[in-house]
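Hello,

Here is the structure I promised to pass on to you. Please open it alongside this email, and my notes follow below.

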Amino acid sequence: MFRKPQSGNWADASDEDDERAILQAQKETKSSPKESAPAPVASNAPAAASNFWASRNHRKDRPSGEDQESNARPAYDRRDGRDFGRDGRDFGRDRDGREGGRDRDGREGGRDRDGRDGGRDRDGREGGRDRFDRRDFNRSYDRHDRNYGPRNDSGYDRGNDYHHRTPVIRHQGFVTHVREDGGFGFLHCLELQQDVFFHQSEVPERESTDGEPQSHVQVGDELEFELSVNRRNGKESAVHIVRLPKGTIVLEDISEDWSTGTVTKSLPPKHKTHSRHASSELFGTIEMEATAASGRKQIVRFSAESFTGHSPRVGDEVQFHISVHRQTSAKRAVDLTITCSASSKREAAIEAALATLERETGVVQSIKGHAGFIKCLSRLQDAYFAVDKTEGIAEGDDVSFFVLPDEFNPAEESGPASRGNTSQQRVTAMRVEKLPPGTVVFEPVVATDVEGTVLVAPPREHARHGFGGGKPSNPHRSSTGQIQGPDGQQLPVHMADVDGGYVPKEGDSVTMDIIEDRRRHMHFAVRVRCKTLNPVDREMGTIGSLKDDFGFIKCFDRAGDVYFRISDVMDVSGGIPLRLGVEASFDLVQTKGKEGLRATRVQLLPKNTIVWETEVQNQATGVLMTVPSAKYNKKEVGRLRFTSTVCPLEPYPTLREQIQTAFDVEKTEVLELKQLNPLQRAAVLSYCCLVGLDAQEKGKEIAVTKGSSAPEWSASITAHEAEADFSLDAIQDVRYEPSEGDTVACSIFLTKRGHHLVAKSIVATSTVVLTKGEGWISLVKSEGYGFIETTHGDSVFFHMSDIEQGAKVKEDDEVSFSIKIQSDKKKKAVGIAVLAPGTLPPKQIRQLEAVVSRASHRQKKKHSTAGKLKVLGESHENEDDDETRNIYAYHVEDQVVPTIVLRPGDIVTCQVRGNGRQATQVALVSSSAKSGVVEVVGVQGGTIAIADSDERVAYLNKSILNGDVALGVGDKVEFALTSPGEDKPVMATHIVRVEGPDRKVGVNSSLRRVLKESGGVATSRMAKGPDGTKGFAAGWQADVMTKTVVEL
């Protein structure tokens, strides 16, 4: 209510005390003339940081008066020569103990802080001038600035004759500020309308009522004083202060008439009051009724001192007296009493409103502490209610209640908005009563098993919002779909209301139940089940492979497989298990990642649902162009040519439409068809030839141009040559062996996968005449095949299944057969019949000498490779025939001694039976092998130094016959020299390791022990022959065998 004192408006206690300090010093000088300097007065002053009131109480019992001037610690008196500043320091002497009369910085008395002459102000300007204006010497003191009036250099003391005291008027005021550590304060005078400085020494001591010490001066004390001006500095201060009883000073005039009004602003609660605001600074407002004179309403303030008891609240009707401040004329309400509270008015209005309302129903959704929420049946927003523990209401109970009208929920008093609904005002439930369980039904079923069609499919990632307190669903939002009912009604549907495993799509036929949502006043489709999937753009196939969480489907209408996820398989297949080979239908989507085409909404189908092939021509006649080479390889197909009356582009309707549109509608000169597969290119070329268009093939592209005449589109179905694939499974007679050139009757089908033509139900009408032959069984394998040696010396392959009547054959059996040329141009014996022994002339055995042109050697864990022998000395009239007639085959097993290694260039002898091309009893005559020592060994090969020569030859590790034996430096080896080409150097091949560098011959251990006991030394070395060579000479076995034969 009252302002605090401001800096610069008040006199300083030190200004008046400086004068008394000088007089006191003069008295001490007179009383002690012998002393060269006055005693320091500063010793009687309290410390600067001490409490002045405590110092004053400490000194009040000491003697005072002029007769006690000789004491060392005289009592404090305003007429003594010391002066105390606001901080309690004695300015009779400066801080360093220099003479009294000096200022705070130790300069001489009368000078300011900066050491300038006395009479000057603190900034060093001339005496009598104020701090801010040097030219105004007669300016009087004003409390709103820091100006000072003219000064008087003479000392000032009320008890001395130097000052003549004039009669003054006494004023009244109350203390507004006290500086305890400085011994001064300020009081406010209503009459003077200013704050006045006072020193504690001018205030009488407070009387103690209970014997305990009380504060000397307190804020709010009422005082009577005289106003005095310090002649030295011109500042005013209060002197001759007298205490007044509490309430003596009247600040306000209170009217006797009662006033009435309504509280429009209440005081804040105490726990919300900021500590820096005093209670007197906080106020509320009261709105009074408009008077006839002013015609407008008046606002009156009130504070915490205006009433006793409970604080008025907004809306309370009150009566009060109006108090007018004498100085500021401010009005405030006092003696405030509440005549009618806002709560009672609100309760009365609520009771009147509830009498016209109907009770609503709902279910208690949640309860936390003393509050809860009710899920309302007739509105989307949940209702807040105060929980009464005595009523026994719990979560899940059906309840009825009244809803508090909105006008009784002001924004400033209503709580937070309902859960999940920040944009709406809170709904408050009152008079909550418990209902029997099952009374409240939010979504009753109005129809079951209703058929409908999906108009808009709900997104899979969205689920229906819970109806308990969530945002109201909009049926046109992306989180819902639309289903059209039988009567044309469009029903919203959420993905959560679709049976698990089914993913709806536009155009699907479904079966559903219909419920009524009483909160939204709408009908919804629930328990949606799939009836029929939309067949548009839907493809079919079979499950080709399965992994942990994905698999691949072999497409029915396109080449290649498509990827699908196990989660994409819908559970609408009637319990068909997911396994390999199961037929399925699906939708295709193009993904952005590496998945490419992906199958979605996969539905498993019953067996034989998919028709893979469609018959386009029955009883067609064709000629076999190629025959499958392997009877048991079902993937290998043959090809036949037939006369067709089907358009070549029948499997590719898009290409046919594109060509016809380009030349009939767009009048295109050149049409380029790109990215065509071989079947498409062949079909386009055939189609263009039939209709009269020119087509030129360029890689995978075909450029189609208009011919000399307009194209005739109907000519595409005229008879023309076409080709179709077939497999051996399509042949009805299993005994029929198809051959190239055979004429067959068949049916032509168009496949859905790949869109190509295939031949089925093949029956031979005429076959090609086969060449007859005779011979001997030369080889029979346990795998079910063998070879026949013809009378012409050829070797023909045969299979056991080609032997008539399932007869068993063995080597050297005489047989007759027919020769069939297979698709790989190789001969095969079919229709094999066993002949009686002696039917064919006996085979002659010929002894031949030949040279090895290609050596046969054993492979690791495999059969030996086929070698070739070139007979020496035979010649024929036809040179070409000579090249083939002189060549005979052999294997390692055909050698007399299989352990001997034959190399190219070795001379051998062999036996040949009849006209056969197989050599047996192969024996080495002379070897062309070289010997040497390994010098260098590398990763892939090395170098061998040839014995008895300075030459070196390279070798590769793959040329080592015993691949598991690695060569090392110093190993002795035997090898053959072979030239890979005319421009390439000679290399070592057919390498055999003979001896290592560290070869040792073992000595009998008993012999070694005996020699050691007798002092001998045991050594071992290979024995030498008479000619000084080690071991046996090469070919010694052949020599021994020859001699043995001669002797026999």
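A word on terms before the sheets: two strands count as paired if DSSP finds at least two bridges between them. Helices (H or I, at least four residues) and strands (E, at least two) are DSSP runs, numbered from the N terminus. Please keep in mind that this is a predicted model, where local features need pLDDT of at least 70, side-chain atom pairs count only at pLDDT 80 or more, and totals for chains, interfaces and linings use all residues. Residues are numbered from 1 along each chain as its sequence is written, and side-chain values use heavy atoms, with hydrogens and water left out.

Let me start with strand S41, which covers residues 867-871 and runs antiparallel to S42, with four bridges joining the two. One of the residues to look at is Lys868, whose bridge partner in S42 is Ala889. Both strands belong to an open sheet of five strands, in the order S42-S41-S40-S43-S44, with antiparallel pairing. Its edge strands, each pairing on one side only, are S42 (887-890) and S44 (919-926). From one strand to the next, the twist averages 40° (axes are lines fitted to C-alpha atoms, for helices over the stretch in contact, and angles run from 0 to 180 degrees between N-to-C directions).

S47 and S49 (residues 987-995) run parallel and are joined by two bridges. S47 itself (residues 952-956) has a covered face with Val953 and Tyr955, and an uncovered one with Arg952, Ala954 and Leu956.

Now the aromatic rings. A search of the whole structure finds eleven aromatic pairs. Here, rings of Phe, Tyr and Trp (its six-membered ring) pair if their centres lie within 6.5 Å; planes under 30 degrees apart count as stacked, over 60 as edge-to-face and the rest as tilted. Phe186 and Phe197 are edge-to-face, because their ring centres are 5.8 Å apart and their planes stand at 70°. Phe186 is in strand S2 (residues 184-189) and Phe197 in strand S3 (residues 194-199), eleven residues apart. Buried means under 20% relative accessible area, exposed over 50%, and partly exposed in between (1.4 Å probe, protein chains only). Phe186 is buried at 3%, and Phe197 is buried at 3%. Ring pairs also link Phe184, Phe186 and Phe197 into a cluster.

The charged end of Lys265 sits over the Phe283 ring, 4.9 Å from its centre, and Arg301 lies over the face of Phe283 at 3.8 Å from the ring centre. The test is that NZ of Lys or CZ of Arg is within 6 Å of the ring centre and within 35 degrees of the ring normal.

Arg431 has a phi near 55°, a positive value in a residue other than glycine; Arg431 is found in strand S16 (residues 427-434) and is partly exposed, with a relative accessible area of 40%. Asp537 has a phi near 60°, again positive in a residue other than glycine. Asp537 is in the loop between S21 (522-532) and S22 (538-546), and counts as exposed at 67% relative accessibility.

Best wishes
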